[in-house]
Amino acid sequence: MQSESSAAFRHRTVEAPAGRLHLVEQGTGPLVLLVHGFPESWYSWRRQLPALAAAGYRAVAIDVRGYGRSSKPEAAAAYRMLDLVEDNVAVVRALGEKDAVVVGHDWGSSIAAACALLHPEVFRAVGLLSVPYTPPGGPRPTDIFGQIGGPEQEFYVSYFQKPGRAEAEIEPDVRGWLAGFYAALSADTMPAQGEPDPHFITRGGGRRLRDRFPRGVLPAWLTEDDLDVYAGEFERTGLTGALNRYRNMDRDWEDLAPHRGAPIKQPSLFIGGTRDASTTWMSDAIDAYPTTLPGLTASHLLEGCGHWIQQERPDEINRLLTDWLATLQG
């Protein structure tokens, strides 16, 4: 049974460099574009769409290319950051808008940051959830990730980079894998301190990432029906389009080299969780915000919150987002 707020969701597809992009919108007013991360879909913003609409905004959540009902180009190189940015520019134009505020979570945070960096004339402000902004540059990404974990463990990003490898683990039981992955990074169900870290896989044949996931438990924010939505999409599409984001990190490093060290100057927002590895491991990036995000107007660390921040703490995120958006209207 649909709630009154979800019944107001409007689904449509628009033309984009990807081919077509599926989006869900609600409300009227200044455009706020919501970009999800891995492994999610527009549905991860289901609690934000009605709240933003009620606050006087045109809230639009997309399925990133390779996900959900959006097009899924075959070539792995079609998932480079430059292409994802151009998809979002095309969405703004297809909706008849001149500009937008872009808000992203997880990989969506990195995509949102790149949108603001490359097209400041379109993306007038940027909100980053969970993953802090780090300017382009530094060592080659695969070199960095290859060293994390040492000789005994392999970092999940490296694990995801070889085509077909993670698919072979996930696709025989998409629902079970997603349930474990979501639980592993949620504050109320993540492994206790001292237990094997679910961000790593033990090196050696036959090892799987899911061997370190919690079993038989769902986080409080995730109902069986919610899990059915996510699993149903990935059972239909497979995981390759989503995983191809990880397989372009060196291409992104090369493509964005002209912007090495560049700050994002537009008004910006950051929200992270204190129990999210994305926040704790990248604390230096947060400390650098006076230089890298000189337009930062609000930054929040939510105590006891995990990675799936807008789903774990929807009311708090909605309040912080609408308060921040209100400051942009002057």
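This is a predicted model: local features need pLDDT of at least 70, side-chain atom pairs count only at pLDDT 80 or more; totals for chains, interfaces and linings use all residues.
Visitor: What is the volume of the largest cavity?
Guide: The lining of the largest cavity includes His36, Gly37, Val64, Tyr79 and Leu84. Trp107, Ile111, Gly241 and Arg245 also belong to this lining. The volume of the largest cavity is about 70 Å³.

Visitor: Which residue lies over the face of Trp107?
Guide: Trp107 is among the residues lining the largest cavity, and Trp107 is also one of the buried residues of H4. A charge sits over a ring if CZ of Arg is within 6 Å of the ring centre and within 35 degrees of the ring normal. At 4.7 Å from the ring centre, the residue over the face of Trp107 is Arg245.

Visitor: How far apart are the end C-alpha atoms of helix H4?
Guide: Helix H4 covers residues 107-118, which makes 12 residues.

Visitor: Why is H4 described as largely enclosed by the rest of the structure?
Guide: The buried residues of H4 include Gly108, Ser109, Ala112, Cys115 and Leu117. They pack against strands E3 (31-35), E5 (100-105) and E6 (123-129), and against helices H3 (81-94) and H11 (249-255). H4 is largely enclosed because the number of its residues that are buried is 10 of the 12.

Visitor: Which element gives the most to the lining of the largest pocket?
Guide: About 1,300 Å³ of space lies in the largest pocket. Its lining has 46 residues, and Ser110, Thr134, Phe145, Met249 and Met282 lie nearest the centre. Helices H5 (141-147), H6 (156-161), H8 (174-184) and H12 (277-280) are among the elements that each supply at least two lining residues. With six residues, the element that gives the most is H4.

Visitor: Which class of aromatic pair do Phe270 and Tyr289 form?
Guide: The count comes to 26 aromatic pairs. Phe270 and Tyr289 have a centre-to-centre distance of 5.6 Å, and 70° lies between their planes; since planes over 60 degrees apart count as edge-to-face, the pair is edge-to-face. This pair links distant parts of the chain, 19 residues apart, with Phe270 in strand E9 (residues 268-273) and Tyr289 in helix H14 (residues 289-292). Phe270 is buried because its relative accessibility is 0%, and Tyr289 is buried at 2%, while the class of the pair is edge-to-face.

Visitor: Is Ala166 buried or exposed?
Guide: Ala166 lies in helix H7 (residues 165-170). Leaving aside neighbours within four places in sequence, Ala166 is in contact with Tyr159, Phe160 and Leu243. Buried means under 20% relative accessible area. At 1% relative accessibility, Ala166 therefore counts as buried.

Visitor: What separates the C-alpha atoms of Gln329 and Tyr182?
Guide: Gln329 lies in the segment after helix H16 (314-327) and is partly exposed, with a relative accessible area of 38%. Not counting residues up to four places away in sequence, Gln329 touches Pro30, Tyr57 and Arg124. Tyr182 and Gln329 are 147 residues apart along the chain, and their C-alpha atoms are separated by 35 Å.

Note on methods
Residues are numbered from 1 along each chain as its sequence is written. Side-chain values use heavy atoms; hydrogens and water are left out. Helices (H or I, at least four residues) and strands (E, at least two) are DSSP runs, numbered from the N terminus. The expected span of a helix is 1.5 Å times one less than its number of residues. Buried means under 20% relative accessible area, exposed over 50%, partly exposed in between (1.4 Å probe, protein chains only). Contact means heavy atoms within 4.5 Å. Rings of Phe, Tyr and Trp (its six-membered ring) pair if their centres lie within 6.5 Å; planes under 30 degrees apart count as stacked, over 60 as edge-to-face and the rest as tilted. On a 1 Å grid over the protein atoms alone, a cavity is a set of points where a 1.4 Å probe fits but cannot get out, and a pocket is an open set with protein on both sides within 12 Å along at least five of seven lines; lining residues have an atom within 4 Å of a point. Grid points are joined across faces, edges and corners, and a volume is the space filled by probe spheres set on the points.
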